[in-house]
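Please read each point with the structure open beside it.

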Amino acid sequence: MQRSSRLRANARTGSLGLARERRRVRQNDDGSNDERDETEGDSRLAEKKWLSWAPTATSSPFPSFPSPTPADCEETYHMLNHRHRATIEEEFKDPNTPETIPHMLDAIMGSVFAYEKIVAGGRQKLEDTIRCGGLHVRKSTFITSMLQQVHERHGNWDLDYLFDATDEQAMKELLNYKGMGPKCAFVVMSWCLKRNPFTVDTHVFRIAGLWGWIPEKTTREKTQAHLDATVPKKLKFDLHFLLIAHGRTCPACRGGSKSKESCEAREEVNARLRTREESSSG
Ligand SMILES: [Zn+2]
């Protein structure tokens, strides 16, 4: 069954409860094994995402890894702030940033929508509507699926109760949604819920590797957990955006760079690292 027609089929069952209840409804219907398996697969996937994230919720997966220290972060913040502050301020002026949108689900979707109309219109119509923005297939699939899932779990499109949830509860709820991984959930935690986790996107991940802030050959999820545990709280928000600005513009640190140009910031960070290694070994 195609994804879109499967979503419509789910809507027709009218079941608005949790995954367990959806299973029961399907069994009472003539419900095919396919759909039951899919629902079971969904909860297993949500459980798996949660279990892989939960152990590092409050501590680094590399507790003995020495970098970055709070002083490294402070130093880096000053270096990058000097170079990239203007760029970041320009970005924050955009009235469409999620921070200015009051409700949780609007913020996840990135805009204030008439959810009912979107669901009624179906994925294809949404895809056609947002085509000019790029990545329209991925976006429309994600939006339709999120709306469907939120309505199935809660009976409405209101996630504002997450404002009162603990970090752990909020993260667990967010990871329940198909298409919502730890990175996306962290962005929601940061932008919408103001929980201030340190978010690692592709630029931050690359720079953390280049600058020796993570062990070699680690994953982005573990990098996020490590940096969330090590970057001082007051610097998390700014440092995240400064590192992205740096990762986009520095000829030596940007993605796929073969440039032999040196990066002053990176050299300074590496020099701090060397000094520390020398003093600890000698
Ligand atoms: Zn650089």
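1. Helices here are DSSP runs of H or I of at least four residues, strands are runs of E of at least two, and both are numbered from the N terminus. Trp-191 lies in helix α9. The model is a predicted one, in which local features need pLDDT of at least 70 and side-chain atom pairs count only at pLDDT 80 or more, while totals for chains, interfaces and linings use all residues. Residue numbers start from 1 along each chain as its sequence is written.

2. On the overall make-up, the protein has 13 helices and zero strands, so that its elements, read from the N terminus, run α-α-α-α-α-α-α-α-α-α-α-α-α. A residue is called buried if 20 or more other C-beta atoms, placed from the backbone, lie within 10 Å of its own, exposed if 12 or fewer do, and partly exposed in between. Of the 282 residues in the protein, 27% are buried. With a contact defined as two residues whose C-beta atoms, placed from the backbone, lie within 7 Å, residues 24 or more positions apart account for 64% of the contacts with a separation of 6 or more.

3. Helix α9 (residues 182-191) has Pro-182, Ala-185, Phe-186, Val-188 and Met-189 as its buried residues. Seen down the axis of α9, these fall within an arc of 160°, and they therefore line one face of the helix; the arc is that of the directions from the helix axis to the C-beta atoms. Trp-191 is partly exposed, because 18 other C-beta atoms lie within 10 Å. Trp-191 is 83 residues from Ile-108 in sequence, and their C-alpha atoms are 9.1 Å apart in space.

4. Helix α6 (residues 115-129) packs with helix α7 (residues 136-154) at an angle of about 150°, their axes being 9 Å apart. This makes α6 roughly antiparallel to α7, the term for angles over 145 degrees. Axes are lines fitted to C-alpha atoms, for helices over the stretch in contact, and angles between N-to-C directions run from 0 to 180 degrees. The crossing of α6 and α7 is left-handed, that is, the near helix is turned anticlockwise from the far one by less than a right angle. Residues of α6 in this contact include Tyr-115, Ile-118 and Leu-126, and those of α7 include His-136, Ile-143 and Leu-147. The residues of the contact of α6 with α7 divide into seven nonpolar, four polar and two charged, where Ala, Val, Leu, Ile, Met, Phe, Trp, Tyr, Cys and Pro count as nonpolar, Asp, Glu, Lys and Arg as charged, and the others, Gly among them, as polar.

5. The axes of helix α4 (residues 70-92) and helix α12 (residues 233-249) come within 8 Å and cross at roughly 60°, in a left-handed crossing. Among the residues in contact are Cys-73, Tyr-77 and Leu-80 of α4, together with Leu-239, Phe-241 and Leu-242 of α12. The residues of the contact of α4 with α12 divide into ten nonpolar, five polar and two charged.

6. Some loop residues deserve a look. The peptide bond from Ser-67 to Pro-68 is cis, with omega near -10°, and Pro-68 lies in the loop between α3 (33-53) and α4. Lys-217, in the loop between α10 (202-210) and α11 (220-230), has a phi near 55°, a positive value in a residue other than glycine. Lys-217 is exposed, because 6 other C-beta atoms lie within 10 Å.

Note on methods:
Angles under 35 degrees count as roughly parallel, over 145 as roughly antiparallel, 65 to 115 as roughly perpendicular and the rest as oblique.
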